[in-house]
Amino acid sequence: MKISIALSLSLLLLMPLTKGHSQNETPPSSKPHYWQQHVDYTMAIDMDVKTYKYTGTQKLVYTNNSPDVLDRVFYHLYPNAFQPNSEMDARLQSIPDPDGRMVNNLGTKAAPIYESRISKLSPDEIGYINVTSLTQDGKKVRHETQGTILIVTLDKPIQPGEKTTFDMVFDAQVPVQIRRSGRNNKEGVALSMSQWYPKLAEYDDEGWHADPYIAREFYGVWGDFDVKITIDKNYTIGGTGYLQNPNEIGHGYETGTVKKQKGKTLTWHFKAPNVHDFTWAADPEYIHDTLQVENGPLLHFLYKKTMPAANLENWKILQPVTEQLMQYFSTHVGDYPYDQYSVIQGGDGGMEYGMCTLIVGEGTISGLIGVTAHELAHSWFQFVLASNENKHSWMDEGFTTYIQDRALDAITGTNSDNPFTGSYRSYISLANSDREQPQSTHSDRYAYNRAFSIASYSKGSIFLSQLGYIIGEENLDKTLKQYYKEWAFKHPKPMDFIRIAEKVSGMELDWYLTDWTQTTNTIDYAVKNVDSEGNKTTVTFERIGLMPMPLDVEISYADGSKAAYHIPLRMTRGVKPTPNTTTVLPNWAWAHSFYTFEIDKPKSAITSITIDPRGYMADVNRENNVLKIN
Ligand SMILES: [Zn+2]
């Protein structure tokens with residue numbers, strides 16, 4: 001109901017504006033016009049590697065493509081989260097299961113007493129960005145910092161279709177690494193510079209997204225970045241964008257004779273077109289390897305030469321695997337659209353960024369490959385298909401987990417029938433606890449971190465694998481590719497994805513989006529009863545859970561043969577493609593708790609009846625999915 005009111009309101013708003021539009025555009029009566037804001041950043045940064053302080057200038061040309069007049073704009077100042085008494089600190093102190101990397105445990109494993117690491121940061125260890133000057137089109141504007149958000153009140157509102165230029169001067173400090181961004185982490189990487197600059201918040205058809213940085217996560221404005229970083233000449237940088245002056249820099253980027261800039265520092269000049277973020281890392285001890293992917297980007301690997309020999313060896317093994325992963329994702333989702341990608345040791349977990357990732361460098365080879373597969377897959381799901389991670393974390397973490405599990409299963413030659421069993425196990429255990437919250441919960445508002453993780457990663461991955469069960473796996477593959485085609489370099493929402501699945505499959509699927517992502521309704525179907533009369537057997541199934549599903553059924557016979565059946569779900573108004581050997585039965589109308597069908601064989605001939613033998617339906621009680629008879 002809310003959605004239709006919001007839609008018709010936005011239609012009303014659009015009507016007068018579309019009057020003068022060319023006839024080629026879709027009329028607003030059939031589809032609301034999609035728009036997105038645009039930014040062009042030009043930044044110059046001077047980093048002091050001794051004090052971890054940096055100063056910067058930023059010119060931001062902002063294009064208001066929205067139909068609205070904007071009288072304020074908001075910037076994220078993410079480093080401000082790493083200060084005692086910040087919202088991130090407060091949340092760490094109140095959540096029952098804080099991220100282990102962000103706390104010290106003063107108690108025991110069994111009886112933990114957590115201490116927020118942020119609460120212990122001294123003034124020269126905290127993170128901050130101080131905006132010292134800000135103008136709009138050359139005139140000073142009022143601005144106020146509230147936590148991690150800078151609120152700018154404009155003297156001259158920005159009209160629809162208008163461009164405006166903000167010029168900013170700021171000084172900042174890199175925090176001791178707590179999470180993602182920071183200095184001198186456990187693995188000794190000097191600078192992990194993610195979310196390090198004043199970053200304009202996104203404004204879309206839902207309004208401003210000036211979310212405070214509490215834990216997770218990110219949503220940015222598409223645009224072009226031109227970034228100059230001046231830093232001690234011994235430091236090697238890896239990150240987003242294409243280096244414009246490789247032969248003045250060297251460090252493994254050179255394309256010809258190196259003629260380094262004179263002095264103690266180097267100024268690295270990067271350009272990154274069509275991204276919504278710019279990240280970098282720097283260390284004086286990085287090894288820098290490259291690998292050219294055939295018909296693909298140049299891969300960069302940056303990792304510390306001081307790590308143990310076994311780990312150095314792992315980083316060599318990782319390189320051709322990354323190439324295979326890049327090819328797998330490009331084939332199964334869509335071509336990787338940039339000319340470079342960098343796998344960088346950042347020393348804390350793993351996080352996806354534009355054209356790069358920062359990951360932990362030490363640890364096992366399977367861990368290193370797993371985290372690289374995951375973060376690289378994010379280049380598609382969240383980076384290019386830039387859904388809002390705060391609101392729909394399952395669209396990026398879940399889709400990433402899905403394609404990562406598929407890719408690793410294929411690359412390692414495992415080729416299992418269900419590479420997603422880990423996700424199903426995690427989800428079912430959460431669904432059977434009392435801690436599950438709907439996936440539509442804002443990422444920061446889960447009562448438990450574990451509930452967030454499972455909802456986003458596991459339940460989000462099952463959203464796809466189970467969709468394949470509903471519409472057929474070929475239709476799912478087509479849906480993913482079509483999703484990429486239609487929504488690359490935009491901000492897709494859940495409805496945008498399911499509409500593509502509907503168009504590809506010809507089935508109605510809004511019930512699936514609603515039940516799976518906006519409720520905690522569960523799936524539980526059972527083989528209820530088997531009755532025999534003469535040579536006929538009647539099988540009865542029961543729907544116990546609230547969530548609807550079509551059923552795949554397998555019947556095993558005493559003679560060793562098997563028969564496959566499919567019971568479509570009436571509300572899909574369709575049937576998935578099934579092999580000729582599968583008998584498609586009449587559909588099941590959801591409101592009926594029971595469904596019965598007849599087999600032309602006596603009960604004595606049957607050994608077992610199984611619902612969903614491949615385990616692609618996330619049934620929370622699988623015990624009653626099988627009835628063994630003889
Ligand atoms: Zn992820």
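With a relative accessibility of 0%, threonine 537 counts as buried (buried means under 20% relative accessible area, exposed over 50% and partly exposed in between, with a 1.4 Å probe and protein chains only). The structure is a predicted model, in which local features need pLDDT of at least 70 and side-chain atom pairs count only at pLDDT 80 or more, while totals for chains, interfaces and linings use all residues. Residues are numbered from 1 along each chain as its sequence is written, and side-chain values use heavy atoms, with hydrogens and water left out.

Threonine 537 is part of strand E27, residues 536-543 (helices, H or I with at least four residues, and strands, E with at least two, are DSSP runs numbered from the N terminus). Beyond its neighbours within four places in sequence, the contacts of threonine 537 include Val530, Asp531, Phe597, Ile599, Pro602 and Ile606, where contact means heavy atoms within 4.5 Å. Serine 94 is 443 residues away along the chain, and its C-alpha atom is separated from that of threonine 537 by 58 Å.

Turning to the metal site, the zinc ion has His374 (NE2), His378 (NE2) and Glu397 (OE) as its protein donors, at 1.9 to 2.0 Å. Donors here are N, O and S atoms within 2.8 Å of the metal (3.2 Å for Na, K and Ca); water is not among the atoms, so sites may look incomplete. Along the chain the zinc donors follow the spacing H-x3-H-x18-E. Histidine 374 belongs to helix H5 and glutamate 397 to helix H6, so this pair ties together parts that are 23 residues apart in sequence. Histidine 374 and glutamate 397 are both buried.

Helix H9 (residues 473-487) has 15 residues and should span 21 Å at 1.5 Å a residue, which agrees with the 21 Å between its end C-alpha atoms; the expected span is 1.5 Å times one less than the number of residues. Its buried residues are Asn475, Leu476, Thr479, Leu480, Tyr483, Tyr484 and Trp487. An α-helix has 3.6 residues a turn, so residues three or four places apart point the same way. Helices H4 (309-332), H6 (393-411), H8 (449-471) and H10 (494-505) are among what covers the buried residues of H9. After H9 comes phenylalanine 489, with a positive phi near 65°.

Grid points are joined across faces, edges and corners, and a volume is the space filled by probe spheres set on the points.

Four cavities of 30 Å³ or more are found in the whole structure. The largest cavity has a volume of about 90 Å³, and the second largest cavity about 40 Å³. The lining of the second largest cavity has seven nonpolar, two polar and no charged residues.

Key: 1 Å grid on protein atoms, 1.4 Å probe; cavity = no way out; pocket = protein on both sides within 12 Å on 5 of 7 lines; lining within 4 Å. Nonpolar A, V, L, I, M, F, W, Y, C, P; charged D, E, K, R; others polar.
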